[in-house]
Structures are given as C-alpha cells and as structure tokens.
Amino acid sequence: MKILVIHNRYRIRSGEDKVFDQEVSLLNAYGNNVQTWTVDNQQIRDKGLFNLLKLGISTIWSQRSYRMMLKKLDDFKPDIVHVHNIIPLLSPSIFHACHFYGVPIIQTLHNYRLACPVGTYYRDGQVCISCLDKSLLASIYYGCYRNSRLQTAIIAIMLQTHRWLGTWKYKVNAYIVVNQFLKEKIVEVGIPKEKIYVKPNFINNDLKSDAQNDIEFGSYYLFVGRLVEEKGIRWLLENYTSINSKFPLVIVGEGDLLELVKSYAAINPLINYVGSQSQEQVLKWMQKAIALIFPSLWYECCPLTIIEAYSQKLPVIGANQGAISNLVKTNKTGLLFDSLDVNSIKEKIAYIEFDQNRWIDFKFCMHSFIDTLFLKDYNYSYLVDLYKKIISQNKNKSTN
C-alpha cells in the first residue's frame, strides 16, 4: 500500500511527534510503501508583526502547501493520505488538494483543536469549554493561544473559515481519534460520528513479562511528563507532603515549571527531580516504581506515558476526568482519584500501602486487562483495515 503521511512537528517535541514517528516506523516495518512530508515549527525564526501576519494568513489557507500537495500526489500517487498536525505551516488547504485529486484522506486528531484554538479545553488553571458553549470569539477575548489575542484570532478564524467551507465535514474522508471521550467532543462541533474511528496510541516496546516473584512493590511514586500547569505538577508538588506517604516522589521531565520543581526538590527530601530522561531511562524508572501518578488538569487524550507504564506492569493513579477515566480501569490497571482532591488521592495511596503483597499481585495481573489495541500488532491491523475501508468507500463514491 502506498501511504503519504503528513505532520507539522512542534517546536518543543511532543507526544504527537513521537506517535507520528512510531506509526511511520510501524507502517514501514510491515512493508508498506510510505512517504512522509514533515515541516517543523523550529524553522519559525522571525516573529515580527509582519511575519506573524504572513504566517497567520498561510495558517488559514496556504496556497504554497496546496501546490506542494498536488505535486506530491502527482509524483507519489498514494492510495491514501494520512495527516496528523497541520498547524501552522501547512494549513487545511492540503485537504482541498487531496479532494481535488480524488485521493482519500484520514486525519488523526490528537487533541481538541477542531473545537478549541489551544486544543486542550484548558484555561487559567481549569477546564474551559467556552468555545463549545458560546463561540470561538471567547478564545480571542481570553487570548488563549500563546497568551496572544492576535495569534488566537488567527487560529479561531482558520477554524471558523473551514467550518463555513465545509472542510472538516466534506474534504476529510475519516478521522482517527485516540479515545472515546475525544470522539464525543468532536461530534459536538458537527463532525459526523460515522466518520470518526477510535484508535488509541500503542505500546512501541515489549511488554515486561516477569514472574510474579520478580515483581517488587516499588521504592517511589513516579511523575513523567512536561512540567507545565495543565499537567498538574504544581498541584502535586504543593500537596505531596499532605498525602502522608513515606515513599518519595520521583519527577522526570522538563518545561516551564522547571525552576519550581527544582525549588521543591531542594527543600523537601520526598521530592526527587532527575531531569529529562531518554525513553529507555524512563522505562527503567517505571520498573522500580510503585505507581505512576498522573494528576493532569486538562482533558488528556491518550498520553503515551500511561501506555508505557502499562507495558512495564506499572499501575497508574490518575485524575478521574477526560480520557484518563477510560484509560485507567479501577482495580485492573490502576486507581482513579477526584481531580484536585487531596483527600481522594490520599485515600488511594493509603489503599496501596496498606497491603504491599496485594499491590504486587495487582501489578502481576494487570496485563490481562490492557486493551489489545495498545499492542502494536493489533493497532497496525486496525489501522490498515481502516485504510482499506476508506479507500474502498472513496472508489465506490467516485464510480457512482
């Protein structure tokens, strides 16, 4: 199968970038003829007003991307095009080029961008769905995207323009979303539910397969992720002592709140910051942990960190909201606590530490409850079957 896979990489590497790389590698590993087209936000250098406006116009509609898309379709002649992120360097014009050429196109939605300019449904320390309840004008008023009303307006105008043009409804053959919760939210902005397919991210490494007597209770709790407000790291730092655990919290990651994390680690012996780590190092940290604490404040979609924890037989203590509610199966793959509720997470920690042997048994059995779509072979089969279905539908539509 000839597949053109497209992605606009983020300036600071994200989970989306990692998923794109993993999925391309998986498609290649199974012998598909894969060509990629990537652009990178790190190439955006000059942020003067003129250049910002120029970039804004091309975000709404890039004629250059449209022409390049037509050329790639003409040269490669793919059976299907699979798009991940398009903002800000590509623009939805590439969907129109595919439609003009008659090539079916699938987009993976890793966040809530079709409904929220920031893509997170998060503002000022809490979940925000004003753009869903009211209109995209709310995001401009608050300057949600990069704390800039101008930059937010550009994204909002792009979203609204392509709603009017019918781009999202009619120029994209199908959407892949990474969880059921995200599907429900995308349906709310008018995307036909029959066009939306749920396929989570997958485990790219081998499952840990220790015998039961080789599994340990663990020596610490673990946080892995970007050190930013929406990930809940500030809340966790402020309240970890109140949890009353004798076990330390190990923090892995980097981000805007790095100095805050370092300051807590400097004065609190229960806080241990170990910096940014490679994936291999992260997996090793997971193997010795009691549980992964995932206190995210926004409606997470399908965080790779949780899936990677499962691969190492590491249960997750997650905030009960968004996709985390679906990803963490209570008493099977982890425990859920009420978001921002210290007493709730304290109860979960006490439950874990009350009987260490029970927790070891729990860790040993959890692989039997993991969704098979988290496993790369099953995930690949689902993806290729979806490709074939959309290609067939497109051919039938063309001949009618």
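This is a predicted model: local features need pLDDT of at least 70, side-chain atom pairs count only at pLDDT 80 or more; totals for chains, interfaces and linings use all residues.

Biologist: Is His110 buried or exposed?

Modeller: The idea is to compare its relative accessibility with a cut-off: buried means under 20%. His110 comes out at 10%, so it counts as buried.

Biologist: Which residues does His110 touch, leaving out those up to four places away in sequence?

Modeller: Those are Glu16, Val19, His84, Leu182 and Cys301. With His84 there's also a polar contact, side chain to side chain, at 2.9 Å.

Biologist: Now the sheet. How do I read strand pairing?

Modeller: In general, strands of a sheet pair through backbone hydrogen bonds, and they do so either parallel or antiparallel. Here, 6 strands make an open sheet with parallel pairing, and the order is 11-10-9-12-13-14. At the edges you'll find strand 11 (271-273) and strand 14 (334-337), each pairing on one side only. From one strand to the next, the twist averages 25°.

Biologist: How many bridges join strand 10 to strand 11?

Modeller: There are 3, linking strand 11 to residues 249-252 of strand 10, and the two run parallel. To find your place there, look for Leu249, which stands opposite Ile271 in strand 11.

Biologist: And which strands does helix 15 lie across?

Modeller: Helix 15 (residues 342-354) lies across strand 9 (221-224), strand 12 (291-294), strand 13 (316-319) and strand 14. Its angle to strand 14 is about 155°.

Technical notes:
Residues are numbered from 1 along each chain as its sequence is written. Side-chain values use heavy atoms; hydrogens and water are left out. Two strands pair if DSSP finds at least two bridges between them. Helices (H or I, at least four residues) and strands (E, at least two) are DSSP runs, numbered from the N terminus. Axes are lines fitted to C-alpha atoms, for helices over the stretch in contact, and angles run from 0 to 180 degrees between N-to-C directions. Contact means heavy atoms within 4.5 Å. Buried means under 20% relative accessible area, exposed over 50%, partly exposed in between (1.4 Å probe, protein chains only). A polar contact is a pair of N or O atoms within 3.5 Å; within protein, one must be able to donate a hydrogen and the other to accept it, and residues adjacent in sequence count only if both atoms are side-chain atoms.
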